[in-house]
Amino acid sequence: MRQHEAGISSALRAVKPIPRSLSDAVRVTRPQSPVDIPAIVESVNQDDLRLWAEANRELIHKLLEEYGAVLVRGFRIDSAADFGTAVDAALGTRIQYTNRSSPRTSVGDRIYTSTDYPNYLPIFPHNEHGYSPIFPLYLAFGCMQPAVSGGATPIGSTRKVGASVPAWIRERFRKKGILYLRNHQEGFGLPWQKSFQTTEREEVERYCAERGIQCEWRSDGVLRTRRIGPAEIAHPLTGEQIWFNHATFYHVSTLPELMRQEVLAAFAEDELPNQTYYGDGSSIEPEVLGELRAAYTKPLYRFDWRRGDVLLLDNMLAVHARDPFSGPRRVLVSMVQEIRVA
C-alpha cells in the first residue's frame, strides 16, 4: 500500500457490514471521527451500484452528513451513463453546471469532465461554487480512466479547515464579508458566454440582478462582476456554521508561482480573472492568506483512483483538489441539489 493511502487506512475503524438482507458482499468502513474522511463503501463482487444505492440511499446520506465524503468502489461502472444513473440513485436528480468558473466539457445529461484545467498544474483545495450565491450541496466524481501517474483528487474535512482558521481571522471575515471580483475573459478564466452559457447580454444581466451580483461591461466587451458574500454559512441539514467561501482559492497569491507571475504581468488588478478582497474592498493581508492556505492543505487525504471508483461529497462538508498527472485521465463529475445563500 502506498504511503498516502496508509494515511486513510490508519484512520479507519473495523469494517461495519451493512445488514445481510441488503447485500452480503458490500462492506462499509467508517472513519474514527467526523473530521477523518472518507467513509468507504466497497463491493467485493461488482454489484450494480444503481440498485445498491436505490436500496441504501438513507445510509449514503447518513454517511455524507456524518463524514462529508464516501468513496464507493468495486461496483460496475463502465460508462458515463452508468455513472449518471448511479448518481441519481445515490444522491438525487443531477443539476446543470451554471455560473461556471472551471473549464469543463459536457459528456452527457448533466455529466461533465471534472475539469479541463491543464494536467501539469495542481488545483488548490476548495468547495465547489464557494464564490456563488447558488451552489450544489452534493458532488459526485466518477473515474473512467486513472492517470498513468499522479492525478489524485485530494479531499479534506471542511469542519477541520474551519477549526484551523484562527478565531481572529474568522471574526474579521464575519464582520467584513468577502468581495469576489471576476473578469470573464478568454485565455485566463472563462469568457462570459461560457460562464453563463448564453450569448445574450440581457440574460446575463437578469441572472446577476436576481442573485445579487453586480455586473458591468468593459469597453473591450469583457464582463466584470462583483459579489459580496459571507465566509461562513449554515449547513441546511446539520445547522452547523461551515467555513464555505472562495476567499483563498480565488486570490491571485494562491495560484501556482509560474501562473501567478504570468497573470500579474498581463493584467491590472481590477482586470484579474479572479480576485478577492474583504467585503469593504480592502486587501486581504498576506499573513491572513498564509493562515488560510495552511488551513486548507493540512487535512488532506489522498487515494489512488481505480477505474469505476465513485467519490460522493457533501460539498459543504468536504473540500476537494487535484494533483498534476501524466498520461490520459478521465474523471467525470455531476452536481446534485441546488442551495441558495440569502
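I started in the loop between S8 and strand S9 (134–145), where His-129 is found. Strands here are DSSP runs of E, at least two residues long, and helices are runs of H or I, at least four long, numbered from the N terminus. Phi of His-129 is near 60°, a positive value in a residue other than glycine.

**Ground rules.** I'm working with a predicted model, so local features need pLDDT of at least 70 and side-chain atom pairs count only at pLDDT 80 or more, while totals for chains, interfaces and linings use all residues. Residues are numbered from 1 along each chain as its sequence is written, and side-chain values use heavy atoms, with hydrogens and water left out.

**Confidence.** I looked up pLDDT, the predictor's confidence in each residue, from 0 to 100. The protein averages 91, and 93% of the residues score at least 70. Residues 1–22 stay under 50, and for that stretch the model has 42 contacts beyond four places in sequence. Contact means heavy atoms within 4.5 Å.

**Another loop.** I checked Pro-38, placed in the loop between strand S2 (26–29) and strand S3 (39–43). A cis peptide bond joins Ile-37 to Pro-38, with omega at about 5°.

**Sheet with S8.** Back to S8: I find it in an open sheet of 3 strands, order S8-S19-S11, with antiparallel pairing. Strand S8 (123–126) and strand S11 (155–157) are the edges, each with a single partner strand, so one side of each has no neighbour in the sheet. Neighbouring strands in this sheet are turned by 15° against each other on average, direction ignored. I count strands as paired if DSSP finds at least two bridges between them. S11 and strand S19 (residues 318–322) pair in the antiparallel sense over 3 bridges, and Ile-155 stands opposite His-320 in S19. Helix H10 (residues 286–297) lies across S8 and S19, running at about 85° to S8. Axes are lines fitted to C-alpha atoms, for helices over the stretch in contact, and angles run from 0 to 180 degrees between N-to-C directions.

**Sheet with S14.** Next I traced an open sheet of 4 strands, order S13-S14-S12-S17, also with antiparallel pairing. Its edges are strand S13 (214–217) and strand S17 (274–278), each with a single partner strand, so one side of each is left without a neighbour in the sheet. S13 and S14 run antiparallel and are joined by 4 bridges. Cys-215 has Thr-225 in S14 as its bridge partner.

**Cavities.** I found 5 cavities of 30 Å³ or more. On a 1 Å grid over the protein atoms alone, a cavity is a set of points where a 1.4 Å probe fits but cannot get out; a pocket is an open set with protein on both sides within 12 Å along at least five of seven lines; lining residues have an atom within 4 Å of a point. Grid points are joined across faces, edges and corners, and a volume is the space filled by probe spheres set on the points. The largest cavity holds about 100 Å³. Strand S12 (178–184) and strand S14 (223–229) each supply at least two of its lining residues. By class, the lining has 5 nonpolar, 4 polar and 3 charged residues. Nonpolar means Ala, Val, Leu, Ile, Met, Phe, Trp, Tyr, Cys and Pro; charged means Asp, Glu, Lys and Arg; the others, Gly among them, are polar.

**Largest pocket.** I noted about 820 Å³ of space in the largest pocket. Of its 38 lining residues, Ser-101, Ser-102, Pro-103, Tyr-117 and Phe-249 lie nearest the centre. S8, helix H9 (257–266) and S19 are the elements giving two or more residues to this lining. The classes are 19 nonpolar, 14 polar and 5 charged.
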